[in-house]
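This report considers selected residues and their surroundings. Please consult the sequence and the structure shown below.

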Amino acid sequence: MATLPIYRWRLAPDGYATRRQLRARNLRPGGQDVAAQLERPRRRRGPLVAYLYRVDLAKPVRPMTAARWAALAKANTARRTCPRCRRDAGYVIPTSLGTCVPCAYPGPDGSEGNT
């Protein structure tokens, strides 16, 4: 098994990019393996690591189709719908609560919050 080349932070040669950098160029890794890695040293912990991909092997991002837009809208609606009161909360419901804020913290008289 070959080891990956390791570069220090901000010293990677041209032709390599992280996933975010590829996405900013409307590219994706396209199934290629990690080509190199960056390491940013830290004082009391292990280094931060970022994986690099070759830009010349990257492929263009697949365009969004109408069906993919519809699926994304449906998924976002599900994240905004409270499972207890079945209302659209107007925001993405935190997984730590599991319900909308009025259902998670009802008033002292047992009623829901001000909404």
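## Thr99

Thr99 has a relative accessible area of 8% and is therefore buried, the cut-off being under 20%. The model is predicted. Thr99 is located in the loop that joins helix 2 (66-80) to helix 3 (101-104).

The side chain of Thr99 comes to 3.4 Å from the backbone nitrogen of Ala104. Ala104 is also among the contacts of Thr99 beyond four places in sequence, together with Cys82, Pro83, Arg84 and Ile93.

## Gln37

Gln37 belongs to strand 4 (residues 36-40). Because its relative accessibility is 12%, Gln37 counts as buried. Its side chain forms a polar contact of 3.1 Å with the side chain of Glu39.

Setting aside residues up to four places away in sequence, Gln37 touches Leu4, Pro5, Ile6 and Tyr7, as well as Val49, Ala50, Tyr51 and Leu52.

## Nonpolar surface patch

Among the residues that Gln37 touches are Leu4, Val49 and Tyr51. Leu4, Val49 and Tyr51 make up a nonpolar patch on the surface, and their accessible area together is about 250 Å².

Leu4 lies in the segment that precedes strand 1 (6-8). Leu4 counts as partly exposed because its relative accessibility is 33%.

## Nonpolar core

In soluble globular proteins, nonpolar side chains tend to be buried together. Here the largest nonpolar core has six residues: Ala17, Leu22, Leu27, Tyr53, Val55 and Ala58.

Methods:
Residues are numbered from 1 along each chain as its sequence is written. This is a predicted model: local features need pLDDT of at least 70, side-chain atom pairs count only at pLDDT 80 or more; totals for chains, interfaces and linings use all residues. Side-chain values use heavy atoms; hydrogens and water are left out. Patches are made of residues with over 30% relative accessible area and no salt bridge: like charges are joined within 9 Å, nonpolar side chains (Val, Leu, Ile, Met, Phe, Trp, Tyr) within 5 Å. Accessible areas come from the Shrake-Rupley method with a 1.4 Å probe; for residues, only the protein chains shown count as cover. A salt bridge is a side-chain nitrogen of Lys or Arg within 4 Å of a carboxyl oxygen of Asp or Glu. Helices (H or I, at least four residues) and strands (E, at least two) are DSSP runs, numbered from the N terminus. Buried means under 20% relative accessible area, exposed over 50%, partly exposed in between (1.4 Å probe, protein chains only). A nonpolar core is a set of buried Ala, Val, Leu, Ile, Met, Phe, Trp, Tyr and Cys residues joined through side-chain atoms within 4.5 Å. A polar contact is a pair of N or O atoms within 3.5 Å; within protein, one must be able to donate a hydrogen and the other to accept it, and residues adjacent in sequence count only if both atoms are side-chain atoms. Contact means heavy atoms within 4.5 Å.
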